[in-house]
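Here's a quick briefing to read alongside the chain. Have a look at the sequence and the fold, then work through the notes below.

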Amino acid sequence: ERKPFSATRMNLNNGAAGYLYIIIGSEQYDHVTALFRENFILRTLILGLIISAIFAATLGLILFARLTRRIRTLSQFVSDFEQENYSARIPISSPDEIGKLGKTFNSMADRIVTSIEELKNTDILRRELIANVSHDLRSPLASIQGYIETIQIKEDTLSEEDRNKYLDIILNSTISLNLLVHELFDLSKLEAKQVEPKLENLSIGELVNDIVMKYNVQAKKRLTVLRADIDLEPAGIIQADIGLLERALSNLIINAIEHTPESGLITVGVNRFESKKIKITISDTGPGIPENDLSNIFERYFHGSRNYKQKTTSTGLGLPIAMKIIELHNSTINVKNHKEGGAVFTVELTES
């Protein structure tokens, strides 16, 4: 290979002329240079490996710290929730696996909080139910016990007229008690969804007519007028459980009779208001329902605060039972007041 050299003319001992060549880059020089080059590459490679290892370790520590920080945050929120801090929610900053885990925890926490609220409400309702039932059962039971004891104590001196009077009171109290127990049992089954409606085709006009005729005598005893106003051509045929639907409409009519003053009018109207939609209205000419009571009218034992006194035998369960039956038929029920006065209950059914 080409190398730099130095040359000089010189005379040999025999008198001949010659040249001396000195090569600057000798084989030994090349060997030393090659070793140096190899050592430099090796050092550079080792240094690169060390730098890469340090960089990888640093990056790994940063990623590990970030990962463990998010896991620690997740663990802290779970611990807070365990300590009954039910508002604790994990902030979602990325869609990775930890983010998905946090989102799942938040959804689970929302469901748990909802369940806790439902349990609290159920417990409140249970306490109210026990209190109301205890109160409603106490009155007829005390009446029955008192009059039976009176009959026993005054057995020898009690007149036949007073005896029959006391027995009538005991009988009426027993009937009220029996009605209350049955309505509580029916409402409990409806709320637990243990009632399955047996659907069949029926004429809603004929059913309403039958119910109105059934309660005409009771309305007359209250000195009120009960009438049907049916406007269906042709006759409306719906699919419903005839027994349950009759129970719901009967409860609404009984409620109207109980809360309508003397000389009042109760109208049960049936008409179409949309295609395949039938509306049943039970309206009265009383003073109506106070606005504050409208939102609570379908609650258990709610008797309202109407501004007139009317003797009633209502258990306070008729309207809740009616609402549950209507909902069981995938239909709606609502209540409002007439502008002219009086309450209007509206049931919307779907025609077959």
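Let's start with strand β5 (residues 237-240), which has a covered face made by Ile-238 and Ala-240 and an uncovered one made by Ile-237 and Gln-239. Keep in mind that this is a predicted model.

**β5 and its partner**

- Strand β3 (residues 200-203) runs antiparallel to β5, and four bridges join the two.
- Which residue of β5 is the bridge partner of Glu-200? That's Ala-240, which also sits on the covered face of β5.

**The five-strand sheet**

- There's an open sheet of five strands here, with mixed pairing and the order β4-β6-β7-β9-β8.
- Going from one strand to the next, the twist averages 20 degrees.
- Helix α6 packs on this sheet and touches β4, β6 (265-274), β7, β8 and β9. The direction of α6 makes about 25 degrees with that of β7.

- Strand β8 (residues 332-337) pairs with β9 in the antiparallel sense, over six bridges.
- Ile-333 has Val-347 in β9 as its bridge partner, and Asn-334 stands opposite Thr-346 in β9.
- The hairpin of β8 and β9 has five residues between the strands, and in it Gly-341 takes a positive phi near 115 degrees.

**Thr-281 in β7**

- Thr-281 has its place in strand β7 (residues 277-284).
- Buried or exposed? With a relative accessible area of 17%, Thr-281 is buried, because the cut-off for buried is under 20%.
- Leaving aside neighbours within four places in sequence, Thr-281 is in contact with Thr-267, Val-268, Gly-269, Val-344, Phe-345 and Thr-346. Thr-346 is also the residue that Asn-334 stands opposite.

**Helix α6 against helix α8**

- In general, two packed helices are described by the angle between their axes and the distance between the axes.
- For helix α6 (residues 242-258) and helix α8 (residues 318-328), the axes come within 9 Å and cross at roughly 145 degrees. The crossing of α6 and α8 is left-handed.
- On the α6 side, the residues that meet α8 are Leu-244, Leu-245, Arg-247, Ala-248, Asn-251, Leu-252 and Asn-255. On the α8 side, they are Gly-318, Leu-319, Ile-321, Ala-322, Ile-325, Ile-326 and Leu-328.
- Sorted by class, the contact of α6 with α8 has ten nonpolar, three polar and one charged residues.

**Aromatic pairs**

- The count comes to three aromatic pairs, and two of interest are described here.
- Phe-5 and Tyr-21 have ring centres 5.7 Å apart and planes at 50 degrees, so this pair is tilted.
- The pair links distant parts of the chain, with Phe-5 in strand β1 (residues 5-11) and Tyr-21 in strand β2 (residues 17-23), 16 residues apart.
- Phe-5 counts as exposed at 52% relative accessibility, and Tyr-21 counts as exposed at 55%.
- Phe-298 and Phe-345 have ring centres 6.1 Å apart and planes at 85 degrees, so this pair is edge-to-face.
- Phe-298 lies in the loop between α7 (291-294) and α8, while Phe-345 lies in strand β9 (residues 343-350), 47 residues apart. Both Phe-298 and Phe-345 are buried.

**Two residues of helix α3**

- Leu-180 is found in helix α3 (residues 160-191) and counts as buried at 3% relative accessibility.
- The C-alpha atoms of Leu-180 and Leu-317 are separated by 8.2 Å, though the two residues are 137 residues apart along the chain.
- Ser-173 is found in helix α3 too, and counts as buried at 10% relative accessibility.
- What does Ser-173 touch, not counting residues up to four places away in sequence? Pro-140, Ser-143 and Ile-144.

Conventions
Residues numbered from 1 in each chain as written. Predicted model: local features only at pLDDT ≥ 70, side-chain atom pairs only at ≥ 80, totals over all residues. Heavy atoms only, no water. Axes fitted to C-alpha atoms, helices over the stretch in contact; angles between N-to-C directions. Left-handed = near helix turned anticlockwise from the far one by under 90°. Contact = heavy atoms within 4.5 Å. Nonpolar A, V, L, I, M, F, W, Y, C, P; charged D, E, K, R; others polar. Buried < 20%, exposed > 50% of the residue type's maximum accessible area, 1.4 Å probe, protein only. Phe/Tyr/Trp six-rings, centres within 6.5 Å; stacked < 30°, edge-to-face > 60°. Pairing = 2+ DSSP bridges.
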